Amino acid sequence: MRRNRPVPADTAQDSPRIDQPKTSAAGLPAVLNSVRQVGEHAGVRRGLPAMLAVNQKRGFDCPGCAWPEGDKRHRAEFCENGAKAVAEEATSRPLTAAFFAEHPVSELAERSGYWLGQQGRLTEPLLLEEGADHYTPIGWDAAMELVADEMRALDNPDQAVFYTSGRTSNEAAFAYQLLARQLGTNNMPDCSNMCHESSGSALGETLGVGKGSVSLEDLHQADLIIVAGQNPGTNHPRMLTALERAKKNGARIVTVNPLPEAGMREFRNPQHPGGLLGRGTPLTDVFAQIRLGGDLALFSAINRILLEADDNGSPVLDQAFIDAHTHGFDLFAKTLLGEPDEKFWARVERDTGLERSLIEEIAAMAIASERTVVCWAMGLTQHKHSVPTIREVVNFLLLRGNVGRPGAGVCPVRGHSNVQGDRTMGIFERPAESFLDALAAEFDFSPPREHGHDTVNAIRAMDRGEVRVFFAMGGNFVAATPDTHVTEDAMRRVGLTVHVSTKLNRSHVVTGTRALILPALARSDRDIHEGRDRWITVEDSMSRVHASHGVLPPLAQGMRAEVDIVRDLGARLFGQAPVAWDSFADYDVVRDHIEAVVPGFEDFNARARKRNGFTLPHGPRDSREFPTATGKANFTANGTYAPEVPPGRLLLQTLRSHDQYNTTVYGLDDRYRGIHDGRRVVLVNPEDAAELGLADGSYTDLVGEWSDGRERRAPHFRVVHYPTARGGAAAYYPETNVLVPLDSTADISNTPTSKSVVVRFEPDSGL
Ligand SMILES: Nc1nc2c(c(=O)[nH]1)N[C@H]1C(S)=C(S)[C@@H](COP(=O)(O)OP(=O)(O)OC[C@H]3O[C@@H](n4cnc5c(=O)[nH]c(N)nc54)[C@H](O)[C@@H]3O)O[C@H]1N2
Ligand SMILES: Nc1nc2c(c(=O)[nH]1)N[C@H]1C(S)=C(S)[C@@H](COP(=O)(O)OP(=O)(O)OC[C@H]3O[C@@H](n4cnc5c(=O)[nH]c(N)nc54)[C@H](O)[C@@H]3O)O[C@H]1N2
Ligand SMILES: [Mo]
């Protein structure tokens, strides 16, 4: 059996070098870095056409983040990190059978994710036979028959798990969920379970729609934008353009973050000569350097100030909106005002690490603002109390009627470029009854009604030996999920693991008894069928659906479109009735089925062909209609909670460097934070470091603490004294996923608490 090594062998070369963190983002270095990345990986012949087509009208949707494009496009509508994402998939290096003949899986399992990703694009189907140590080529027909055989042999369809990562197109996602449900299971975990599930849970309950309610235009028009728990300079760089525009229109920006992230300080817009060469736009007006997990306390404190200010005579609340459109105000207000002042503020100052006067300043800005937007990402969603925290953000916006009018609303900034679309297409382990009814009517079959496994529960089921087939549509399951050693052992208990992938990753080398790699076409690739180019659609973070056309000739003949892979499997398993699987070769047919099943897709084929696509309906945004259980927007009473950290410990958040896309590592620098040539670093506040005896530049082991008492150790991290909020530390994912306990998840959403891991520091045990 292949064993878990604590750390890949080649990370020994990881030797971080530290300089000063930057105080602004983008500018010329970002452009130069983009050009270098594209040149190195894709070369001029593939790289240049790809960069000119990304986010253009007849081009493809950037495979990076889900930030929307504006109606007016620049010639080069991309950012540094979009360029890296494109360079990564448009690489000119093919991975062939010769590579796998040379490198046994036991060797690949010792390599870092960075090294694996650098080897090139997967180009042909590969099989790892039981007991074998090498992947060997297998034809598509044999590969698909093998998967079909394994699925036919299940005693029960719930022995299959179908994972989805968020790059999958709408068309592929729709076909994929149909396949799983035709087989008879809702076991459809996805990356969203680890990402914005807390947003979906909180928004669904309070507003009735689990998606953001603002457009780009709303951001441009806002008076006040609060950006909490998000690092857009790295993860959504084009958002900085929208923030810059809002600033120029007079908006004020509050940043809530334990880290002073360069992108929120100043933006040098690479699309303008001024921004390119020097002068930038300062973005943040007020920086609330909050303790990890302090956001529930912060928003409840702001809300209490708003309620009290209103009681003092001046109208602060939008009473007409509250009366007409909301439910639960009285209980919410009574609960929030219930605690005596002194006790309340002592707790808030402790939980947030912020001074009361700063919170009062933010509340005053909120009262002065007629149009307020709150943006957030993983800093809010990956805590035990994420759902109550986001519900409290909703309370904040409801108090002044900041939902369903221009310049105002909720803005959960999504991660993967089509993660929102995948959910719209039915990739969900807990599908709505109405969705299943529509699916049943369209295809004349009975989809399963029992809820399936989300990501964490899928790992538990694997661990119990209940999963015989694990099928992944993209992603890197074992590296992205928590508790690496637990998860890897669980994955090894699966009979057959199948990965539809573009690049080699850890999940290809930590496998079930048998494993298949099925190479897929990516966003940038032309998808040619019977001589004609096909195109797909995606949905961005602001519910706009639009077309994406690949432009590059595929690197090899052996790669298949994701829809074709699903179609082939569907036809083998079920024939052509009731689902006419062969007809899915024409994506217009798939889109017609989507139109019939998913609300908001009327006239899909025609509207997807329009220049900018179309925006899906959203009751709260469009007409202040709230499809919740009460039929109104719900205020909620969320109580109090903040993470407890025993003395001598810190709370660790696991986050992204500037040179990675989730588990895909592009390089070893985190330029804005001043970290170079290495990833095994832990950022600690100098005062905490002094108390804990952690000298700057020394090496330490990080040891996770959790109630099960199991040892979770991430060895050999370089200590970096860094101005993060007290009590917390930061280190990169996925290296630190060994520390995140599988059972430490957010209440309600079951999202792993990746931003909230109690760690202690022990002497460096080396690599
Ligand atoms: N280049 C690039 N782009 C990406 C990705 C990538 O890996 N690389 N990933 C994509 C995906 S899937 C996603 S989900 C998004 C992720 O986008 P982000 O959420 O921006 O990603 P993280 O690096 O996890 O950063 C979390 C931020 O929240 C802050 N934070 C952590 N804990 C707290 C807290 O308790 N309170 C507050 N207020 N702040 C906190 C951190 O200091 C950090 O600034 O980006 C997407 N875009
Ligand atoms: N500790 C910790 N853990 C986290 C997080 C965190 O902040 N901290 N963040 C979580 C979040 S927000 C997310 S979204 C998840 C991400 O989890 P995943 O989505 O599972 O992970 P990725 O690293 O994005 O997946 C990368 C792989 O996807 C494949 N791929 C890329 N493009 C395509 C394509 O077009 N088609 C196909 N078929 N395959 C493709 C490539 O083979 C590549 O190796 O990780 C989560 N895990
Ligand atoms: Mo994500």
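**Reading cavities and rings in a predicted model**

Q: How many cavities of 30 Å³ or more does the count give?
A: Welcome! This is a predicted model, and the count comes to two cavities of 30 Å³ or more.

Q: What lines the second largest cavity?
A: Its volume is about 30 Å³. The lining consists of Asn231, Thr234, Glu261, Ala262, Gly263, Asp670, Tyr672 and Arg673. Sorted by class, that lining has two nonpolar, three polar and three charged residues. Domain 1 (11–21 + 646–763) and domain 4 (197–334 + 361–414) each supply at least three residues to the lining.

Q: How is a pair of aromatic rings described?
A: By the distance of the centres and the angle of the planes. Searching the whole structure here finds 20 aromatic pairs. One of them, Phe299 with Phe396, is edge-to-face, at 5.7 Å centre to centre with 65 degrees between the planes. This pair links distant parts of the chain, with Phe299 in helix 14 (residues 295–311) and Phe396 in helix 20 (residues 386–399), 97 residues apart. Both Phe299 and Phe396 are buried.

Q: Which geometry do Phe332 and Phe635 show?
A: Their rings are stacked, 5.0 Å centre to centre and 20 degrees between the planes. Phe332 lies in helix 16 (residues 329–338) and Phe635 in the loop between strand 24 (633–634) and strand 25 (650–655), 303 residues apart.

Q: Why is Phe332 classed as buried?
A: Because buried means under 20% relative accessible area, and Phe332 has 2%. Phe635 is buried too, with 5%.

Q: Where does the charged end of Arg607 sit?
A: Over the ring of Phe614, 4.0 Å from its centre. Likewise, the charged end of Arg167 sits over the ring of Tyr661, 5.1 Å from its centre.

Technical notes
Residues numbered from 1 in each chain as written. Chains lettered and ligands numbered in written order. Predicted model: local features only at pLDDT ≥ 70, side-chain atom pairs only at ≥ 80, totals over all residues. Heavy atoms only, no water. 1 Å grid on protein atoms, 1.4 Å probe; cavity = no way out; pocket = protein on both sides within 12 Å on 5 of 7 lines; lining within 4 Å. Points joined across faces, edges and corners; volume = space filled by probe spheres on them. Nonpolar A, V, L, I, M, F, W, Y, C, P; charged D, E, K, R; others polar. Domains from an automatic or database assignment. Phe/Tyr/Trp six-rings, centres within 6.5 Å; stacked < 30°, edge-to-face > 60°. Helix = DSSP H or I, 4+ residues; strand = E, 2+ residues; numbered from the N terminus. Buried < 20%, exposed > 50% of the residue type's maximum accessible area, 1.4 Å probe, protein only. Lys NZ or Arg CZ within 6 Å of the ring centre and 35° of its normal.
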